[in-house]
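Work through the exercises below with the sequence and the structure at hand. Each task is followed by a solution in steps.

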Amino acid sequence: MKETENILEVTNVCKKLKNFELQQVSFSLKRGYIMGFIGPNGAGKSTTIRCMMGLSHIDSGNIKLFNNDFHTNMKALKQNIGFVYDQNVFFEDLTVEKNKKVISMYYDQWDDKAFYDYIEKFDVPLSTPVKSLSKGTAMKFALAVALSHNAELIIMDEPTSGLDPIFRKELLEVLLEVIQDANKAIFFSTHNISDLEHIADYITFIFDGNVQFCKETETVLDEYVIVKGPKSLQELVEVHCPLSTKLTSLGFEAFMKKEQLASLNTNLEFKIERPSLEDIMYNLVKSKKR
Ligand SMILES: Nc1ncnc2c1ncn2[C@@H]1O[C@H](COP(=O)(O)OP(=O)(O)OP(=O)(O)O)[C@@H](O)[C@H]1O
């Protein structure tokens with residue numbers, strides 16, 4: 001069935017750069033879903049996205065877009081991708097309006113009405129040269145372009161960077177509107193992890209060029225706990241190899257897998273908290289760096 005087919009499939013992708021390597025990177029995204037791509041600085045998010053977009057060649061592995069091998073007919077496939085890149089790709093000296101004129105010629109399914117609606121909604125000045133736009137406004141223009149040619153797959157590299165918190169929320173609402181069409185899918189990298197809790201169906205977490213997991217957001221949120229208790233709890237908890245621990249002014253805290261809790265047998269009083277996605281990423285990165 002079309003709605004459940006993979007729109008994006010990255011399989012065992014390897015790419016070696018001078019001091020960095022993507023190692024057997026694999027994940028997939030189905031139509032109708034939003035995936036957040038997270039990882040610390042330098043983890044390989046942009047490199048992976050560049051490979052997905054055919055902007056960097058891969059050493060081995062395979063990337064399928066719309067069930068087609070990416071290297072066959074990438075030009076045609078790109079018509080169906082709304083891409084937001086982490087660098088300015090527009091004609092800097094031309095105004096927003098003139099940029100639109102040039103860009104719209106490239107897309108067979110360009111939708112002028114959608115574009116002007118987004119421009120108005122996002123408050124982007126049409127007669128300003130792109131080089132004079134603020135970082136956030138340039139990003140809004142890039143988003144308007146990506147959303148205005150009826151693309152089925154939206155791929156964005158840090159689309160919320162440089163955006164104020166209010167517009168970030170508005171953008172998340174726009175993305176939720178876009179995904180109402182079950183044939184579409186959205187993949188984006190971000191450091192604003194708390195945003196993902198509200199909109200991402202799936203999370204792919206990459207660290208040092210290796211995908212650590214690609215899971216449903218709810219599954220990730222359900223997998224870990226934060227245990228808080230008196231300092232005397234430390235010894236007991238550490239037997240169960242928590243992923244990270246810390247002493248606080250109030251006592252002891254441990255971040256661990258929920259399943260490890262079952263074997264924690266104590267009369268000491270402790271509290272169990274559900275971590276946020278941000279807590280999870282912070283603690284996982286910390287545990288990997290140890
Ligand atoms: N063209 C290149 N040549 C050599 N090394 C590169 C090149 N592009 C990126 N790298 C290196 O690859 C690693 C991964 O970079 P990448 O930009 O993919 O990370 P990222 O997860 O997107 O990071 P950030 O969150 O900081 O944007 C980094 O160590 C970077 O220095």
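Two strands pair if DSSP finds at least two bridges between them. Helices (H or I, at least four residues) and strands (E, at least two) are DSSP runs, numbered from the N terminus. The model is predicted: local features need pLDDT of at least 70, side-chain atom pairs count only at pLDDT 80 or more, and totals for chains, interfaces and linings use all residues. Residues are numbered from 1 along each chain as its sequence is written.

**Exercise 1. The open sheet**

Task: State the strand order of the open sheet of four strands, and find which strands stand at its edges.

Solution. 
- Step 1. Pair β11 with β14: they are antiparallel and share three bridges. One of the pairs is Lys228 with Lys271 in β14.
- Step 2. Pair β11 (residues 224-229) with β13 (residues 252-257): these strands also run antiparallel, joined by six bridges. Tyr224 stands opposite Lys257 in β13, and Val225 stands opposite Met256.
- Step 3. Write the order of the sheet: β12-β13-β11-β14, with antiparallel pairing.
- Step 4. Find the edges. β12 (244-247) and β14 (271-273) each have a single partner strand, so one side of each is left without a neighbour in the sheet.

**Exercise 2. Two packed helices**

Task: Describe how α4 and α5 pack.

Solution. 
- Step 1. Two packed helices are described by the angle between their axes and the distance between the axes.
- Step 2. For α4 (residues 112-122) and α5 (residues 135-146) the angle is about 155° and the axes are 9 Å apart.
- Step 3. Angles under 35 degrees count as roughly parallel, over 145 as roughly antiparallel, 65 to 115 as roughly perpendicular and the rest as oblique. α4 and α5 are therefore roughly antiparallel to each other.
- Step 4. List the contacts: Phe115, Tyr118, Ile119 and Phe122 in α4 meet Lys140, Leu143 and Ala144 in α5.
- Step 5. Sort these residues: six are nonpolar, none polar and one charged (Ala, Val, Leu, Ile, Met, Phe, Trp, Tyr, Cys and Pro count as nonpolar, Asp, Glu, Lys and Arg as charged, and the others, Gly among them, as polar).

**Exercise 3. Buried or exposed?**

Task: Is Val220 buried or exposed, and which residues of α1 are buried?

Solution. 
- Step 1. A residue is buried if 20 or more other C-beta atoms lie within 10 Å of its own, exposed if 12 or fewer, and partly exposed in between; C-beta atoms are placed from the backbone.
- Step 2. Val220 is in helix α8 (residues 217-223). Val220 counts as buried because it has 22 C-beta neighbours inside 10 Å.
- Step 3. Leaving out residues up to four places away in sequence, Val220 touches Ile203, Lys215, Leu277 and Ile280.
- Step 4. In α1 (residues 45-52), six of the eight residues are buried: Lys45, Thr47, Thr48, Ile49, Cys51 and Met52.
- Step 5. For the whole chain of 290 residues, 34% count as buried.

Technical notes:
Axes are lines fitted to C-alpha atoms, for helices over the stretch in contact, and angles run from 0 to 180 degrees between N-to-C directions. Two residues are in contact if their C-beta atoms, placed from the backbone, lie within 7 Å.
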